[in-house]
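Let's walk through this structure together, one region at a time. Have the sequence and the 3D view open as you read.

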Amino acid sequence: MSLQMVTVSNNIALIQPGFSLMNFDGQVFFFGQKGWPKRSCPTGVFHLDVNHNHVKLKPTIFSKDSCYLPPLRYPATCTFKGSLESEKHQYIIHGGKTPNNEVSDKIYIMSVVCKSNKKVTFRCTEKDLVGDVPEARYGHSINVVYSRGKSMGVLFGGRSYMPSTHRTTEKWNSVADCLPHVFLVDFEFGCATSYILPELQDGLSFHVSIAKNDTIYILGGHSLANNIRPANLYRIRVDLPLGSPAVNCTVLPGGISVSSAILTQTNNDEFVIVGGYQLENQKRMICNIISLEDNKIEIREMETPDWTPDIKHSKIWFGSNMGNGTVFLGIPGDSKQVVSEAFYFYTLKCAEDDTNEEQTTFTNSQTSTEDPGDSTPFEDSEEFCFSAEANSFDGDDEFDTYNEDDEEDESETGYWITCCPTCDVDINTWVPFYSTELNKPAMIYCSHGDGHWVHAQCMDLAERTLIHLSAGSNKYYCNEHVEIARALHTPQRVLPLKKPPMKSLRKKGSGKISTPAKKSFLRRLFD
């Protein structure tokens, strides 16, 4: 095992606890940024380019037929082999926390539709489920099992907010373990079925899960109700005959007590567990090798890397699996320094460099980290983009123009706002309306007062008008303020000047013009 510190040259503020990494044929992509995706990367997915211990985050693009994918923290992710050649390598993403500190119950499928030397185009589709739909959660696991030529997703564990009937103002963000039910998800037909297994008595979150063929192993985890990290080791076997699936669970000895650990695969039958916690504020510095052979599991300690003093003394650490036996780790920066980074990052290689990339297809593990604070809302990004079409991001040099200072923007120009009393743009149901939209609603700026943003669709703007207004510098006033603006900008009507008749300028009873009247007449004449 070799530990190496790496430097992040740009967008370092995006990498926070709770992110995920996806490995597509050796290329690693970062997902789960802080806040909503920004103008420079409306997809919120970045290519994690590591070269000579130097990391660059380069924004990626989505195809036009992709759905909106919010940046989710602490989701469950796993790889999945589709039936088509174009779907041979996909990622399943379920649940997680949104930047509004809400918990998602949606399931997304990520795949690559176009790949070149320096550019990858993704397609993201949302999968609707029917049946026993799993409730919104985070810190759980999702895996794919293969049996009798069929495949099925298996979802387990996690946390969710307490039911609305039990939530109070003081404890609005209180969370609880989800029930220890096992969900089978058919990705082809979108059906979900819940199973209650007597061996699983307590809810678990931030556990480790390993899938191979028709079997899933659940290790460790944290029980919030009991505040313990039991040395669990469960084996869940799924049989997929022609009829109804059969699910059974066996409790095995030799488990380990750990939560929020990172799992990486080193070869077809070996995995390595790195990091995690054994107590609330005590990191687990031991690494373990897990061997899966002949339907048996063996867990043994291995030689630990030479942890740096910063890693040893830090109270928290987090990270994710990069694939190919490599782990990406982060620790808090040293606050004693005059200029300190928020986090320092390392790569830990647990396997040789010539690891076969195909070996990563079995790594269906939960790689989230312990949630450092359930009640702290994530910041909302406040920028927007009129057009996020794929061709608008042509040019590799543009990828390095991202301004991470935008992440601290706290203005009130978010995409998901109520722009008027009749606004019906909802983050959960919004679909593109204009051809210029891909990942977010088009907005237009109303110049009334201090100005504010409104959704173009709510203002009933024709696409032609929207493009015309966004391309020029003309002022625009929304439906609520257009009448006020007209009143302010319409000049007062001036009555035409009436010249008094000459006889009115004469004094009564005199044929001569008075001196004051004469002066007034001359002023009007020469003015």
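Two strands pair if DSSP finds at least two bridges between them. Helices (H or I, at least four residues) and strands (E, at least two) are themselves DSSP runs, numbered from the N terminus. This is a predicted model, in which local features need pLDDT of at least 70 and side-chain atom pairs count only at pLDDT 80 or more, while totals for chains, interfaces and linings use all residues. Residues are numbered from 1 along each chain as its sequence is written, and side-chain values use heavy atoms, with hydrogens and water left out.

Five bridges connect strand 7 to strand 8 (residues 90-94), and the two run antiparallel. Within this pair, Cys-78 sits opposite Ile-92 of strand 8. Is strand 7 (residues 76-80) mostly covered or mostly open? Five of its five residues are buried, where buried means under 20% relative accessible area, exposed over 50%, and partly exposed in between (1.4 Å probe, protein chains only). In a regular strand the side chains alternate between the two faces of the sheet. Here Ala-76, Cys-78 and Phe-80 point one way, Thr-77 and Thr-79 point the other way, and all are buried.

Next, look for an open sheet of four strands, ordered 22-23-26-27 with antiparallel pairing. Strand 22 (262-267) and strand 27 (296-302) are its edges, each pairing on one side only. From one strand to the next the twist averages 25°, taking axes as lines fitted to C-alpha atoms (for helices over the stretch in contact) and angles from 0 to 180 degrees between N-to-C directions. Strand 22 pairs with strand 23 (residues 270-274) over five bridges in the antiparallel sense, and the bridge partner of Ile-262 in strand 23 is Val-274.

Now for the charged side chains. A salt bridge is a side-chain nitrogen of Lys or Arg within 4 Å of a carboxyl oxygen of Asp or Glu, and by this rule there are eight salt bridges. Because Arg-300 lies in strand 27 and Glu-270 in strand 23, the pair ties together parts that are 30 residues apart in sequence. Arg-300 is partly exposed at 32% relative accessible area, and Glu-270 is partly exposed at 23%. Another salt bridge joins Arg-159 to Asp-177, with the closest N and O atoms 3.9 Å apart. Arg-159 is in strand 14 (residues 159-161) and Asp-177 in strand 15 (residues 175-177), so this pair links parts 18 residues apart in sequence. Arg-159 is buried at 2% relative accessibility, and Asp-177 is buried at 18%.

Finally, where does UniProt place the feature "binding site"? The unreviewed entry puts this feature at Cys-446, His-452, Cys-478 and His-481; UniProt positions are given in the numbering used here, feature names are shortened, and annotations may be inferred rather than shown by experiment. These residues span 36 residues in sequence, yet no two of their C-alpha atoms are more than 10.9 Å apart, so they gather at one spot. His-452 lies in strand 32 (residues 452-455) and is partly exposed at 23%. Leaving aside neighbours within four places in sequence, His-452 is in contact (heavy atoms within 4.5 Å) with residues including Cys-446, Cys-478 and His-481. Cys-478 sits in the loop between helix 2 (463-471) and helix 3 (482-489), and at 1% relative accessibility Cys-478 is buried.
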